[in-house]
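These are my notes from a reading of one structure, set down in the order in which I looked things up.

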Amino acid sequence: MERIKADILVIGGGSGGLSVASGAAQMGADVVLLEGHKMGGDCLNYGCVPSKALLAMGKRAHAGTGTNHAEALDHVRKVIATIEPHDSVERFEGLGVRVISDYGHFVSPTEVEVGGARITARRIVIATGSSPLVPPIPGLDKVPYETNETIFDLEETPGHLLIIGGGPIGVEMAQAHRRLGCDVTVIEGMKALGKDDPEAAAVVLDALRGEGIAIEEDAMADEVRGKPGAIEVEAKDGRIFKGTHLLVAVGRKPNIDRLNLEAAGIETTRAGVKVDARLRTTNRRVLAIGDVAGGLQFTHVAGYHSGLVIRQALFGLPAKARTDHIPWATYTDPELAQVGLTEAEAREAHGDRVEVARFDYAGNDRAIAEGRTVGFVKVMVVKGRPVGATIVGHQAGEHINLWALALASKLKMSAIAGMVSPYPSLGEINKRAAGAYFSPRLFDSKGVKRVVGFVQRWLP
Ligand SMILES: Cc1cc2nc3c(=O)[nH]c(=O)nc-3n(C[C@H](O)[C@H](O)[C@H](O)COP(=O)(O)OP(=O)(O)OC[C@H]3O[C@@H](n4cnc5c(N)ncnc54)[C@H](O)[C@@H]3O)c2cc1C
Ligand SMILES: NC(=O)c1ccc[n+]([C@@H]2O[C@H](COP(=O)([O-])OP(=O)(O)OC[C@H]3O[C@@H](n4cnc5c(N)ncnc54)[C@H](O)[C@@H]3O)[C@@H](O)[C@H]2O)c1
């Protein structure tokens, strides 16, 4: 058996693993990367990239440019093919990474076996991601169903797509398919977009319903039956939903089954590999990042984790994973974006000390000019600093960047209010929200009026 020694062994070539491997190799470390399936992982092949490409085609169809489902899937394939070389084995080998295209598993606390090789490394990084969770709903195993791993390869256009799960995957896929000409029913066991601010989520759900998508809430799928082309989902309360195709989007499960973690003394929880604030597992040589670490499951979180791992594994420096500054966005139209605490979370954590500053898209001249006046930004502020921001509306996922910076760098509201925004930009909504925080302090204050009166008497 071949024996390989490395500084860093990365298991999994998705968003997190590839960032660690490329960063570490370019900084001079000896890196081995294992990828058992497709380089680029979920995000490139079955997640962010195809879903945003399909949504883009849905937008085109909605604008009247006559795109159909088959053309949209063709576009999805082309987008993946365009990005693929960036994540390819060739590129990584060019960076000096030894790539092994196979699944790896631990055989001891310090060794991983893959194919015919046994690898030891100073640090091992588990970056094996997650897979679609398929719940044990009676009958589901007897009907054809799609997940995010198959929906972008569907041969035929669904006549009526049933989607179990109204989280980000469910609602993004609902709007993309609806705009590409399918009937769509979302079957959500609790509240759709339930992890987001309910007032903002309602704006998205209203828009989706307005486009003809049925969103059924408090409808926990309890039984599935039927045959190809004629599928029924029955909810716990007896409601029955009929469609031609079924997409299951009820969350994720961590990819840990193949890893033989017991051999390495690595503990797990229901969410994934157990990690501490520094992303260390219960084996001190092994770290876990991205979806498999069971926290927020986003590509940019996997990327953020990779930076923390490089800091620790290459430079021996401590690095703590924060979550208070992590944004996320759901790329429906209108978009929904969040960073930090929602209004409810902020009130729970800070009580009466929270002030909510708010500005509506309807008050922004560019939004009026573009006919995109639906939505708002609200910012949760404690002692002059933002602790969270919610934006729903046109390009909310872009506009949240500013608040992500503000939270990451602990900026004050005065920094945002003091920024000069180009007129007429949509992004000015953020400055106006900060302005809304200060206006009562300036315009409703007797003290300010007294000072102005005094100065005016003395100014030449
Ligand atoms: C439909 C959908 C849409 C999404 N949209 C967004 C979005 O818009 N924005 C966003 O930020 N996030 C989005 N996400 C989430 C995002 O895709 C994930 O958070 C991200 O891919 C996680 O990266 P990762 O590196 O942890 O795992 P992955 O990217 O899944 O990579 C893990 C890799 O490890 C490999 N692997 C597993 N086990 C082994 C083993 N034993 N040996 C070797 N290799 C192994 C797998 O084959 C895989 O390639 C979306 C997800 C889905 C499903
Ligand atoms: N834009 C983005 O960044 C983006 C897009 C898609 C996915 N993602 C990532 O992927 C993760 C997974 O997304 P998801 O939408 O699959 O999961 P999710 O956990 O966010 O939502 C799943 C939904 O399914 C519902 N559900 C569970 N069991 C059910 C049942 N039996 N019947 C009816 N409803 C049921 C839940 O109540 C929940 O609302 C997200 O949390 C996110 O991290 C991100």
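Which residue in strand 10 does V186 stand opposite? I found that V186 stands opposite I215.

Before going on, I noted that this is a predicted model, in which local features need pLDDT of at least 70 and side-chain atom pairs count only at pLDDT 80 or more, while totals for chains, interfaces and linings use all residues. Residues are numbered from 1 along each chain as its sequence is written, and chains are lettered from A and ligands numbered from 1 in the order in which they are written.

**The sheet.** I looked up the pairing of strand 9 (residues 183–187) with strand 10 and found it parallel, over 3 bridges; strands (E, at least two residues) and helices (H or I, at least four) are DSSP runs numbered from the N terminus, and two strands pair if DSSP finds at least two bridges between them. These strands belong to an open sheet of 4 strands in the order 10-9-8-14, with parallel pairing. Its edges are strand 10 (214–216) and strand 14 (245–248), each of which pairs on one side only. From one strand to the next the twist averages 15 degrees. I then saw that helix 6 (residues 168–179) lies across strand 8 (160–164), strand 9 and strand 14, and runs at about 165 degrees to strand 9; axes are lines fitted to C-alpha atoms, for helices over the stretch in contact (C-beta atoms, placed from the backbone, within 7 Å), and angles run from 0 to 180 degrees between N-to-C directions.

**Ligand 2.** I counted a residue as near a ligand if its C-beta atom, placed from the backbone, lies within 6 Å of it. The shell around ligand 2 has 28 residues, the closest being G165, G167, G189, A221 and G251. Helix 6 gives the largest share of this shell, 4 residues, and strand 17 (327–330) also supplies at least two.

**Ligand 1.** Around ligand 1 I found 38 residues, with G12, G14, G41, G129 and G290 the closest. Elements giving two or more residues to this shell include helix 1 (15–26) and helix 8 (299–315).

**E262.** I looked up E262 in the loop between strand 15 (252–254) and strand 16 (286–288). Is E262 buried or exposed? E262 is exposed because 10 other C-beta atoms lie within 10 Å, where 12 or fewer counts as exposed, 20 or more as buried, and anything in between as partly exposed. The C-alpha atoms of E262 and V107 are separated by 8.9 Å, although these residues stand 155 apart along the chain.

How values were computed: Two residues are in contact if their C-beta atoms, placed from the backbone, lie within 7 Å.
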